[in-house]
2 protein chains.
Amino acid sequence: MIDLAKGDRTRARILDEAVDLASVQGLGGLTIGPLAERLGLSKSGLFAHFQSKEALQVETLDRAADLFRTDVTEPLRAIPDRALRLRAFFERWIAWLDDSRLSGGCPILAAAIEFDDVPGPVHDAAAKHFGELQRLIVKFARAAQPDGDPEALAAAVTGLAMSHLVRVRLLADRKARAVTLRAFEALLVT
Amino acid sequence: MIDLAKGDRTRARILDEAVDLASVQGLGGLTIGPLAERLGLSKSGLFAHFQSKEALQVETLDRAADLFRTDVTEPLRAIPDRALRLRAFFERWIAWLDDSRLSGGCPILAAAIEFDDVPGPVHDAAAKHFGELQRLIVKFARAAQPDGDPEALAAAVTGLAMSHLVRVRLLADRKARAVTLRAFEALLVT
DNA sequence: TGTTAAAACGAACGATCGTGCTATTTTATG
DNA sequence: CATAAAATAGCACGATCGTTCGTTTTAACA
C-alpha cells in the first residue's frame with residue numbers, strides 16, 4: 001500500500017474480494033455487478049481493470065493460488081527435515097480448508113471440478129494450478145516415503161483433502177477433522 | 001414409453017438431457033433455454049413441467065443419483081461375499097467416472113462442491129445424496145475390514161475417487177487410472 | 001369419433017448479465 | 001499550482017436469464 005499506484009491498489013482490492021466471493025459462489029457464479037457493489041465501485045470502473053470477465057476469473061484463480069502458497073506452502077520451507085513436510089503440509093491444508101480467511105471453500109479445488117469439462121482460459125488456469133499442486137505433493141510424498149509409491153500417495157492425499165472439504169462444508173460433519181487425520185495417518189503406515 | 005402418460009415421458013427425457021448437460025456445465029450452469037433447444041422444446045413448454053428452476057435442479061440431481069445407483073450400486077447385490085463389495089464398488093465407480101453415459105463428470109460430486117456454501121434446496125439435495133453415498137461406503141468399508149477404521153477408510157476412498165475425477169478430466173493424466181488403482185490397493189493393506 | 005383435459009407453444013415481462021462509450025473525477029508530475 | 005494522465009462513474013446496448021399468460025396443438029377417453 002506504499003508505492004503502489006492507485007490503480008494497482010484497487011486492482012488488488014478487487015481480486016481479494018473476488019477470491020472471497022468465488023470461494024462461496026464458485027468462479028462461474030462470480031459476477032461483476034455484486035462484486036462491484038461489495039467494493040463500493042461502479043460496474044464499469046471495476047471492469048476497466050480487466051479486459052474481460054474471463055480475465056477476471058483467471059486472475060482471481062491466480063490470486064487464490066498466491067494465498068494458498070502464502071498460508072500453506074511457503075511456511076514449510078522452515079522445516080529442515082524434508083521427510084516431515086508431507087504431514088505438516090497436509091495439516092496446514094486441512095486447517096486452511098477448515099477456516100481460512102475466506103468465507104467459502106478452496107477456490108482452486110472448486111474450479112478444478114467446475115471447469116474440468118469447460119474448455120477455455122479458466123480451464124487452463126485451473127489445470128495449471130492444480131497440476132503444480134499435485135506435483136508439489138508428489139515431491140513431498142517422495143521425501144516422506146522414498147521407497148513408496150509417491151504418485152499413489154499424492155493422489156490419496158489430494159483426495160483426502162477434497163473429501164474433507166465436502167464433509168466439513170456440505171455435510172457439516174463435526175467428526176470430519178478427526179476422521180480425516182486418522183485416515184491420513186493410515187496412509188503413511190503402509 | 002409403454003403406459004407412461006405423454007407428460008411423464010417428456011419429463012423423463014428432459015431430466016436425462018438435464019443430467020448430461022449438468023455433467024458438463026454444472027448444476028449452476030444448467031440453463032433452461034439451451035436445454036429446451038437440445039430437446040426441440042420451447043422454453044415455456046419445458047418450464048411447465050417444473051415449478052421453478054431450483055426444482056429442476058433438484059430433480060436433475062435426483063435423476064443423476066438414480067443413474068449412479070443403477071450403474072454402480074445395484075449390481076453389487078450380486079456379490080455374495082460382502083467383504084469383496086468395497087473393491088467392486090470402487091472399480092465400478094472409477095469406471096463410471098472414466099466413461100459413463102454422460103458427457104461430463106459426476107454431477108453429484110460436482111454439486112457437492114458447487115453448492116457446499118450456497119444454502120437452499122439444491123444444497124440440501126446434494127447433502128442428502130452425498131450423505132447417503134458416504135454412509136454406503138462406510139458400510140462397505142466395515143464389511144471389508146471389520147477391525148479397521150471404516151469411517152477413515154470411507155473418507156479415503158471417497159477422496160480417491162474425487163482426486164481421480166480431477167486427474168482424468170481436468171489434467172487428462174493418462175496414468176491416472178493406474179495410479180488410482182494402486183492407491184486404492186494401498187488403502188486396503190493397512 | 002367427438003369431447004375434454006393435458007401438453008406444448010409464442011410472445012412478452014422485468015431483471016441481470018458482460019461490455020462498450022463518453023464524461024468526470026482523482027491522482028501523479030513538472 | 002497547473003497540467004497531463006490515470007482512474008472511476010454514468011449510461012446505454014444487446015443478449016440472456018427465469019417466469020407468466022393466453023392460445024393452440026395434441027393426446028386420452030367416453
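**View 1. The rotation axis and A:G159.** In this predicted model, A:G159 is the residue of chain A that comes closest to the rotation axis, with its C-alpha at 1.8 Å. Turn chain A by 180°, shift it 0.0 Å along the axis, and it lies on chain B with an RMSD of 0.0 Å (least-squares superposition on the C-alpha atoms of residues with pLDDT of at least 70 in both copies). That is what a two-fold axis does. Both copies use the same surface, too: 100% of the contact residues of chain A recur in chain B.

**View 2. Where chain A meets chain B.** Here 42 residues of chain A are in contact with 42 residues of chain B (contact: C-beta atoms, placed from the backbone, within 7 Å). On the chain A side, helix 1 (6-25), helix 6, helix 7 (121-144), helix 8 and helix 9 (176-188) each give two or more residues; helices are DSSP runs of H or I, at least four residues, numbered from the N terminus. Helix 8 of chain A brings the largest share, 12 residues. By class, this side has 22 nonpolar, 12 polar and 8 charged residues (nonpolar: Ala, Val, Leu, Ile, Met, Phe, Trp, Tyr, Cys and Pro; charged: Asp, Glu, Lys and Arg; polar: the others, Gly among them).

**View 3. Helix 6 of chain B, under cover.** Look at residues 107-114 of chain B: 8 of the 8 are buried, meaning 20 or more other C-beta atoms within 10 Å of a residue's own. The run starts with B:P107 and B:I108 and also includes B:E114. What do these buried residues pack against? Their partners are helix 6 (107-114) and helix 8 (150-169) of chain A, plus helix 1, helix 4 (53-73), helix 7 (121-144) and helix 8 (150-169) of chain B.

**View 4. Inside the largest nonpolar core.** The core has 122 residues, and A:I108, A:A156, A:V157, B:I108, B:A156 and B:V157 touch the most other members (core: buried Ala, Val, Leu, Ile, Met, Phe, Trp, Tyr and Cys joined through C-beta atoms within 7 Å). Leaving aside residues up to four places away in sequence, B:A156 touches A:A156, A:L160, A:A183, A:L187 and B:L187.

**Notes.** Residues are numbered from 1 along each chain as its sequence is written, and chains are lettered from A and ligands numbered from 1 in the order written. In this predicted model, local features need pLDDT of at least 70 and side-chain atom pairs count only at pLDDT 80 or more, while totals for chains, interfaces and linings use all residues.

Note on methods: A residue is buried if 20 or more other C-beta atoms lie within 10 Å of its own, exposed if 12 or fewer, and partly exposed in between; C-beta atoms are placed from the backbone. Two residues are in contact if their C-beta atoms, placed from the backbone, lie within 7 Å.
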